[in-house]
Amino acid sequence: MPPIKRTKFKLTPEQLLEMFHWLKLIRAFDERLSVLVKQGKVRSGVYTGIGQEAIIVGTGYGLRSDDWICPLHRDLGAFLMKGVEPRTMMSQMFAKATGLSKGRDSALHSGVNELGIFGNTSMLGANLPVAAGLAYTMKMERSDNVVVAYFGEGASNVGDFHEALNFAGVQQLPVVFICENNQYAYSVPLEKTMAIDDVAIRAEGYGFDGVAINGNDVLAVYQATQGALARARSGDGPTLIECKTYRWHGHSEHDKAFYRTDEELAMWKSRDPIPTFTTYLRARHVLDDEKLKDVEARVKQTIDEAVDFAANAPDPSPGDAITDLYA
Ligand SMILES: Cc1ncc(C[n+]2csc(CCOP(=O)(O)OP(=O)(O)O)c2C)c(N)n1
């Protein structure tokens with residue numbers, strides 16, 4: 001048998017194709033949601049991450065099932081990668097009884113303990129001290145699990161971010177902080193919220209490494225994450241990875257994003273992570289027309305099935321409103 005060709009990160013052609021499938025699936029999930037919002041089918045605010053998928057795939061690929069993630073509002077793809085079925089995620093967005101929180105929240109605050117997904121709250125950055133706390137537990141239990149915590153550059157300006165990084169640095173916690181720097185915090189551009197160019201340099205103030213990378217390059221994100229995970233697992237503490245990217249849609253689907261220019265959007269669309277990776281895979285003979293068609297057909301089938309399932313799923317029953325309470 002000929003030797004398996006691998007990338008320098010030891011990814012086989014099958015694994016590269018799997019990453020490609022994830023990119024396409026997460027893009028398609030968000031794109032369909034965007035349409036469904038306009039059709040009035042979604043009972044939640046929708047904050048798509050279209051254009052930012054390489055960050056979710058590059059960080060999520062290769063995470064262990066007993067690692068934890070702390071996602072924020074724009075990270076629905078991270079739920080999928082960590083094992084939530086697309087039909088369950090779609091049900092969640094439709095606020096159906098088959099969703100994660102059984103139709104009892106505005107869709108964005110659920111977690112799944114069994115899958116290692118910590119539900120976030122609406123307060124920006126509040127997931128980061130929680131991530132540090134989770135990582136502290138892992139350290140106390142002497143496990144080699146890691147927490148991956150996501151946040152936007154806007155969230156890096158709130159106090160919680162700084163407290164979390166400080167604690168993680170002091171305690172050398174197994175946590176990887178992933179900044180999705182998409183250039184805007186709602187309508188506010190980066191230069192109006194920070195006097196520095198790179199969020200990554202904030203890590204230095206807390207005694208650990210920060211690196212700024214191209215967040216639209218899935219392999220660059222994967223490589224940086226793998227290094228950070230290895231350090232965290234071996235007790236060498238946290239890392240901050242700032243992924244430079246751009247969100248194509250408004251802050252949420254109800255935001256027309258008039259605060260930015262068409263030229264700026266076009267420039268970032270030319271850096272779309274999916275065609276870039278497609279070209280790479282074709283050049284390495286990992287992807288051809290037939291395989292591309294196959295991936296696209298599977299993605300469409302998955303999304304169609306998820307929407308069908310969610311649309312036909314039962315609504316929550318009023319009697320369930322007070323079940324699953326802790327007190
Ligand atoms: C503490 C706090 N302040 C303000 C808000 C309102 N808010 C929600 S999302 C958002 C912008 C977030 O920007 P960023 O952190 O860069 O993430 P992005 O949405 O760009 O992914 C703001 C200001 C909030 N939810 N919490």
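Before going on, the ground rules. This is a predicted model, where local features need pLDDT of at least 70 and side-chain atom pairs count only at pLDDT 80 or more, while totals for chains, interfaces and linings use all residues. Residues are numbered from 1 along each chain as its sequence is written, and side-chain values use heavy atoms, with hydrogens and water left out.

Which atoms of Arg-74 and Gly-154 face an oxygen atom of the ligand? For Arg-74, a polar side-chain atom, at 2.7 Å. For Gly-154, a backbone N or O atom, at 2.8 Å. His-251 also has a polar side-chain atom 3.5 Å from a ligand oxygen. The cut-off for a polar contact is a pair of N or O atoms within 3.5 Å; within protein, one must be able to donate a hydrogen and the other to accept it, and residues adjacent in sequence count only if both atoms are side-chain atoms. The ligand taken alone exposes 580 Å², and the protein buries 72% of that; areas are Shrake-Rupley values with a 1.4 Å probe, and for residues only the protein chains shown count as cover.

Arg-74 sits in the loop between E1 and helix H3 (76-81). Is Arg-74 buried or exposed? Buried, because its relative accessible area is 10%, and the limits are under 20% for buried, over 50% for exposed, partly exposed in between (1.4 Å probe, protein chains only).

Now the strands. Helices (H or I, at least four residues) and strands (E, at least two) are DSSP runs numbered from the N terminus. Strand E2, residues 147-152, has five of its six residues buried. E2, helix H6 (residues 159-171) and E3 form a right-handed β-α-β unit: with the strands pointing away from the viewer, the path from the first strand over the helix to the second runs clockwise.
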